Amino acid sequence: MTTPYQQQSQAPVPPQSPPQGPPQAAPPMPPQAPHQTAPHQTNPYQAAPRHHAPHHSAPHHHTQPPQPQPHQPHQPHQQMPSGPPSQPYAGVGPYTSPIPVRRTSLGNALASEWTKIKSVRSTIWTLSVMVALVIGIGLLVAATTADSDYDTVPTTLPGFFGTLLGQLCVVTLGVLVITSEYSTGMIRTTLTACPQRSRVLTAKALVFFTLSFTITTVALVLVAYASMGMHSGPAVAEPTGDQILGATVGAGLYVSLLGLLSLAVGAILRHSAGAITTMLGVVLLPSILPAFLMMSDSLRDLGSKMLEYSSPQSLASLFQIDDSLNNGWPQLSVLAGITAAAMIAAYALLEKRDV
């Protein structure tokens, strides 16, 4: 005979999810008398806490385990080529740049200096003022004079008055061509791009001298031929070929050499204000100082020689204003010698000094 407890315990239990860990045994129940049941007695399986499996314990769908990959032999590491795309294997031979490489020359320095001098506003303004003075004053003098004024002087005389003032513009520009790079620090970039310092100075001198000589000579030629066209007749002394050459090419050379001397002084002093002041003294002092030197008998010869080679007297000789003057070529030769000496000093100091 079985008790109700035994009958209930023998009843089939609905399947449940297997709990994690070892199975727990049901707690033993105390013995009870036959035909007596505890009031409100419940099933011990229902009273026992149920252990729920975590959500990640058992997957709902059966998955296949990963299949082992077949063994692959070890591949040696291949180094990527370091050369440009045009060379698939840079390690085969020496690297060759796709950009053509050639050695620089004086032509490259000339192109660089031409680019700099034409792109600076000071060059345009200074040369424009010089051309306006030479042509404007020359044409004004030619228009306000009569034919009878040219009976003893050549008709190329009007260009002389404009050149006296125009040369100061060329002197200022010659200083600024070199000293502006020192004031802004651009000279360091220039000498880094072209380590040959003598080549840099040569390029500056050639570009500036060619530019100033061309513009000055063209302006003087316009004034000379305009004045000859305004004044022509039997009472007018026709200028000779030597007078025309001195009033155009000679005066253009003189003004350009003064500008080149200014460039050399600027390279020596490396300061704009100091170099311009020095060149103004070179141009103006020989015209003022002889007036005081001639007051002394012992210094009279020195004063007369200084006056002869001053800038106004040299230009007057090139224009052949007076028959007592020479043709101006000795003064031009002296100025060329002084300019050459100053350029040699500039080359020596540029190579010796730091920037």
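User: Before we start on the helices, how are two packed helices described?

Analyst: Two packed helices are described by the angle between their axes and the distance between the axes. Here the axes are lines fitted to C-alpha atoms, for helices over the stretch in contact. One thing to keep in mind is that this is a predicted model.

User: Great. At what angle do α8 and α9 cross, then?

Analyst: Roughly 140°, with the two axes coming within 9 Å. Angles over 145 degrees would count as roughly antiparallel, so α8 is oblique to α9.

User: And is that crossing left-handed or right-handed?

Analyst: The crossing of α8 and α9 is right-handed.

User: Which residues make the contact?

Analyst: From α8 you have L258, L261, S262, V265, G266 and L269. On the α9 side they are G274, A275, T278, M279, V282 and V283.

User: Switching to the core: how many residues has the largest nonpolar one?

Analyst: It has 54 residues, and those with the most contacts inside it are L201, F208, Y254, L258 and M279. Several helices supply at least two residues each, including α5 (158–184), α7 (197–230) and α13 (329–352).

User: Which helix gives the most?

Analyst: That's α8, with 12 residues.

User: What is F208 in contact with, leaving aside its neighbours in sequence?

Analyst: Beyond four places in sequence, F208 is in contact with I117, V170, L173, G174, V177, G259, L260 and L263.

User: Last topic, cysteines. How many disulfides?

Analyst: The count comes to zero.

User: And C169 and C194, buried or exposed?

Analyst: Buried means under 20% relative accessible area, so C169 counts as buried at 12%. C194 is buried too, at 13%.

Methods: Residues are numbered from 1 along each chain as its sequence is written. This is a predicted model: local features need pLDDT of at least 70, side-chain atom pairs count only at pLDDT 80 or more; totals for chains, interfaces and linings use all residues. Side-chain values use heavy atoms; hydrogens and water are left out. A disulfide is a pair of cysteine sulfur atoms within 2.5 Å. Buried means under 20% relative accessible area, exposed over 50%, partly exposed in between (1.4 Å probe, protein chains only). A nonpolar core is a set of buried Ala, Val, Leu, Ile, Met, Phe, Trp, Tyr and Cys residues joined through side-chain atoms within 4.5 Å. Helices (H or I, at least four residues) and strands (E, at least two) are DSSP runs, numbered from the N terminus. Contact means heavy atoms within 4.5 Å. Axes are lines fitted to C-alpha atoms, for helices over the stretch in contact, and angles run from 0 to 180 degrees between N-to-C directions. Angles under 35 degrees count as roughly parallel, over 145 as roughly antiparallel, 65 to 115 as roughly perpendicular and the rest as oblique. A crossing is left-handed if the near helix is turned anticlockwise from the far one by less than a right angle, and right-handed if clockwise.
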